[in-house]
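Please look over the sequence and the structure before reading on.

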Amino acid sequence: MSSSSRSFRGDFPAAQEEGWPARGGVSRVDMFESGIPILPWQYYPIAVLLVLIGCFEVGVPRLVLLPLSLVVFLPLISKSLQSPLPVLIALAAYIPYSKAVAGNMGGAVTGLNFTTLLTVIALMSIQAASNRRSANAGWSYTPEDLPSTFELFFRRLIIVFIVLGAISVLHTDIIFDQWTFFTAILDFKRWVDPFLIFFFFSYLVRTEKEAKIVITTMAVTLAIIGIGSIWQHHVVSGYNHRVRMRGIAGQANQMGAFYVNYIFLLLAFFMMKGIKLRSRTLFAIGMFGCFLGLMATESRGDALALAIGVLVYFFFRNKGLFFAMVGVIAFLAVNIQYLPQGLRDRVQHTLTNRDPEGLSGGTKLDASARTRLALWAGAINMMKDHPVVGVGYKMFQPLIYDYVPKNDETADLPLRGRDAHNAYMLIGAEMGIPTLLFFLLLLANMFRVTFRAYRASVDPFWKAVSLATMCSVLSLLMTNLFGSRVISLVLAGYLWGLLAILLKVPAWQERLRPPEVSR
């Protein structure tokens, strides 16, 4: 068994077991804490409130929401100026609900909502931390705090992608007179929100202990969402007619992408060494709820992404379970009657939609699949006509009908004002081919972040989290084929936060490796 396999399963090299001090004078025993960190008690009432509003659709009157927001945000501001951890926990608790629980205060001020408030508080916390360092107030840099060359490179990749997005927004603002500067700023803010999460986590997470608390907050939040999804699945299954579950993402395919992006983090915590039974039970129930929710969304693309992600996870985690999963997936692929009914019906409808006249024994794709193919053909035509800067940010839907092929196959399809249903096509069509190529480069380096952290990890916690994030990146790559996922705060916010933390893991784990012995 390799050393990496031993560390992942909780067994450590003999040199460490003998008690040699890790780099920095910290022993092996001191570095690993069994179980998961304890979250502050304030997190739990907020988490319960969010799940009631987001998953159980419990309405909160504005007269209650406003004072309740003051009770939460005023202490949060005060504590976040002293330490970045409170706002990091708040972001981890809120990000999945940023659409379902927008907190726009009844629309009293345009653009003012919970996401904006947390953004401002995070910026204030960054400034306060910078002031403390300048004043030598107890937060001095250590070699592990300094960003690595690769971390700086990855930050620059994201900054360039943000600049390219800003150029696209400006291009749209200039070309189309109906756009105002204020509207452009708001739209760009929504587009850039997931990337802001990356920089907030990158600058505010300074210690390994803080990082573990934040990631545990994410996992517990996902488990609570999974519990809420069990109820939502029950409600949807009770309808007499077919209804796809929309969940906190507000749309079935996007909710399916949310489940498949993050179910691996729940799986990692469930299988992690040292987890107490009650915590393991929570993650198991949450994972079961997320799986039920995914099936209730009836998303074919997201189900495919889950299958591929499961194979990759167990390939690294346990070869025996990997071959078992290969057998299960192969069996279901040729025996689709054992799939959940909603997903089974959509798969069958996709592949066996017969000619309505009954004169032909052949098959053809259903209207949904044919619509997507027509939209993708239109996106390619957009890229041909506007290869450098694209047609402009958010201009795909207004212009797509002018670019889709017009023939007998598309005559009866609803093609006006449609989304691209493919992030790669959308970015290429709206922002140009150079931006699309740069986006692909960014995705490749997201894989590099996770694999680099996985290889460097000695602590089983980071081994599990880096592998789960690797599967999330793979899921994102797959789900982007069927929708725009990477620029959604709900769908990608956690992933960007995890990437920001995993960039720091190699430096943290370097202290745990045995010192080189001179010969």
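## Overall make-up

The model is predicted. Its chain has 519 residues, of which 51% are buried. The secondary structure consists of 22 helices and four strands.

Among contacts in the chain with a separation of 6 or more, 77% are between residues 24 or more positions apart. The chain exposes about 24,000 Å², and carbon and sulfur atoms supply 64% of that area.

## The nonpolar core

In soluble globular proteins, nonpolar side chains tend to be buried together. Here the largest nonpolar core holds 149 residues. The members that touch the most other members are F154, F201, F258, M446, W462 and W496. Helix α11, residues 252-271, gives the largest share of this core, with 13 residues.

W496 can be followed in more detail. Leaving aside residues up to four places away in sequence, W496 touches F154, I158, P194, F195, F198, L442, M446 and V486.

## Aromatic rings

A pair of aromatic rings is described by the distance of the centres and the angle of the planes. The count of aromatic pairs comes to 30. One of them joins F195 and W496, with ring centres 5.2 Å apart and planes at 55°, so this pair is tilted. The pair links distant parts of the chain: F195 belongs to helix α9 (residues 181-204) and W496 to helix α21 (residues 489-502), and the two are 301 residues apart. Both F195 and W496 are buried. Another pair, F461 and W462, is edge-to-face, at 5.0 Å centre to centre and 85° between the planes. F461 and W462 are both buried as well.

Ring pairs also link residues into a cluster, including F150, F153, F161, W191, F195, Y203, Y424, F439 and W496. Charged side chains meet rings at two places described here. The charged end of K319 sits over the ring of F315, 4.6 Å from its centre. K463 lies over the face of Y454, at 4.3 Å from the ring centre.

## Cysteines

A disulfide is a covalent bond between the sulfur atoms of two cysteines. How many disulfides does a search of the whole structure find? The search finds zero. C55 is in no disulfide, and the nearest cysteine sulfur, that of C290, is 9.2 Å away. For C290, also in no disulfide, the nearest cysteine sulfur is that of C55.

Are C55 and C290 buried or exposed? C55 has 3% relative accessibility, so it counts as buried. C290 is buried too, with a relative accessible area of 3%.

Definitions and conventions. Residues numbered from 1 in each chain as written. Predicted model: local features only at pLDDT ≥ 70, side-chain atom pairs only at ≥ 80, totals over all residues. Heavy atoms only, no water. Core = buried A, V, L, I, M, F, W, Y, C linked by side-chain atoms within 4.5 Å. Buried < 20%, exposed > 50% of the residue type's maximum accessible area, 1.4 Å probe, protein only. Contact = heavy atoms within 4.5 Å. Disulfide = S-S within 2.5 Å. Areas by Shrake-Rupley, 256 points an atom, 1.4 Å probe, with all protein chains shown as cover. Phe/Tyr/Trp six-rings, centres within 6.5 Å; stacked < 30°, edge-to-face > 60°. Lys NZ or Arg CZ within 6 Å of the ring centre and 35° of its normal.
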